[in-house]
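Subject: Structure handover

Hi,

Here is the structure you were waiting for. Please open it first, then read my notes below.

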Amino acid sequence: MSTLAWIITVSLLGGVLSLLFAAILAFNARVSWLSVLVSYAIGALLGAAFLNTLPEAFEHAENPMQVTMTVLIGILVFFILEKLVLWRHCHLEDCEVHDLPREHSPATHHNDHDHGRSGMMVIVGDTFHNFVDGILIAAAFMVDVQLGIVTSIAIIAHEIPQEAGDFIILLNSGYTRRQAFLLNLFSTFATVVGGVLAYFMLHNMNHLVQPLLAFASASMIYVAMSDLIPGLHRRPEIRATIQQVSLILLGIASIWLMGNFFPHD
């Protein structure tokens with residue numbers, strides 16, 4: 001299968017699968033399932049960043065400092081972008097978007113919506129995020145198939161809990177289940193668009209592969225450490241901690257095993 005075919009297939013299949021799993025989770029409001037997926041997603045993200053993407057970036061770099069500087073800049077960029085999103089979503093001390101998935105359920109607060117305002121902002125942001133994911137998937141597949149697959153697994157793993165959160169925000173924002181699903185489906189196609197555009201733009205620009213891989217690593221590390229891990233600390237009991245650590249290790253192990261099944265050419 002050609003590189004372009006891999007990019008299109010994985011982008012479409014991964015986006016649809018993550019969307020379906022997220023819809024099942026959100027529509028059934030199974031918070032325990034979401035917690036399990038978050039823990040696994042952390043392991044998959046960290047495993048992909050440190051076991052695959054970063055090593056590949058170092059191999060394509062003349063100076064290791066190029067990679068570490070790009071990762072550092074990437075983390076700072078994602079921090080600033082998240083601050084801008086928070087600034088737009090939150091007003092003074094009341095954050096109408098980020099508190100909804102944690103404190104409310106769509107079954108009990110249909111009347112406390114904001115007429116679609118916060119939900120639409122989330123979809124716009126998620127569409128851009130999916131477009132960038134498509135670029136990262138394309139950059140990884142253009143290095144080799146193994147790296148593309150493990151990068152896609154990490155992206156899909158963290159997209160499921162994120163998409164589930166988006167569903168809950170949309171439902172609380174006044175959208176119906178059908179509208180929420182269609183909006184998220186539309187947002188998912190941005191991954192394919194980003195992947196195809198990146199394939200044709202980067203095909204003869206190999207010098208951009210290394211910084212994109214480093215930037216992808218920064219994205220994975222930042223999402224895992226900043227957005228996902230803090231949520232696990234809300235359950236400090238021993239049993240929950242053991243479950244979380246086990247699932248994180250499972251996520252890392254799945255990336256490591258995938259690397260062995262799809263060795264470098």
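A residue is called buried here when its relative accessible area is under 20%, exposed when over 50%, and partly exposed in between. Keep that cut-off in mind for F78. Its relative accessible area is 17%, so F78 counts as buried.

One caution before the rest: this is a predicted model.

**Confidence**

The mean pLDDT of the protein is 76. Of its residues, 74% reach 70 or more. Helix 7 (residues 177-202) has the highest confidence, at a mean of 87. Helix 4 (residues 100-103) has the lowest, at 42. Over residues 96-117 the pLDDT is below 50. That stretch still has 39 contacts in the model beyond near neighbours in sequence.

**Overall build**

The protein has nine helices and two strands. Along the sequence, the pattern reads α-α-α-β-β-α-α-α-α-α-α. There are 265 residues, and 46% of them are buried. Take the contacts between residues at least 6 apart in sequence: 84% of these join residues at least 24 apart. The accessible surface comes to about 13,700 Å². Carbon and sulfur atoms account for 69% of that surface.

**Aromatic pairs**

A pair of aromatic rings is described by the distance of the centres and the angle of the planes. The count here is four aromatic pairs. Two of them are worth a look.

W6 and F141 are stacked. Their ring centres are 5.7 Å apart, with 20 degrees between the planes. W6 sits in helix 1 (residues 3-28), and F141 sits in helix 5 (residues 117-141). The two are 135 residues apart, so this pair links distant parts of the chain. How accessible is W6? W6 is at 22% relative accessibility, so it counts as partly exposed. F141 has a relative accessible area of 4% and is buried.

F78 and Y222 are also a stacked pair. The distance is 6.3 Å centre to centre, and the planes are 25 degrees apart. F78 is in helix 3 and Y222 in helix 8 (residues 209-232). Y222 is buried, at a relative accessible area of 10%. Which residues form the aromatic cluster? F78, F215 and Y222 form one together.

**A buried glutamate**

E56 lies in helix 2 (residues 31-59). Its relative accessible area is 4%, so E56 is buried. E56 and D144 are 88 residues apart in sequence. In space, their C-alpha atoms are 9.8 Å apart.

**Salt bridge**

Side chains of opposite charge can pair when their charged atoms come close. How many salt bridges does the structure hold? It holds one. E237 forms a salt bridge with R235. The closest N and O atoms are 3.6 Å apart. Both partners are partly exposed: E237 has a relative accessible area of 39%, and R235 is at 32%.

**Nonpolar surface patch**

Which residues form a nonpolar patch on the surface? They are M65, M69, L72, I73 and L76. Together they have about 480 Å² of accessible area. L76 is in helix 3 (residues 64-89).

Best wishes

Methods: Residues numbered from 1 in each chain as written. Predicted model: local features only at pLDDT ≥ 70, side-chain atom pairs only at ≥ 80, totals over all residues. Heavy atoms only, no water. Patch = residues over 30% accessible without salt bridge, like charges linked within 9 Å, V, L, I, M, F, W, Y side chains within 5 Å. Areas by Shrake-Rupley, 256 points an atom, 1.4 Å probe, with all protein chains shown as cover. Salt bridge = Lys/Arg side-chain N within 4 Å of Asp/Glu carboxyl O. Helix = DSSP H or I, 4+ residues; strand = E, 2+ residues; numbered from the N terminus. Buried < 20%, exposed > 50% of the residue type's maximum accessible area, 1.4 Å probe, protein only. pLDDT = per-residue confidence, 0-100. Contact = heavy atoms within 4.5 Å. Phe/Tyr/Trp six-rings, centres within 6.5 Å; stacked < 30°, edge-to-face > 60°.
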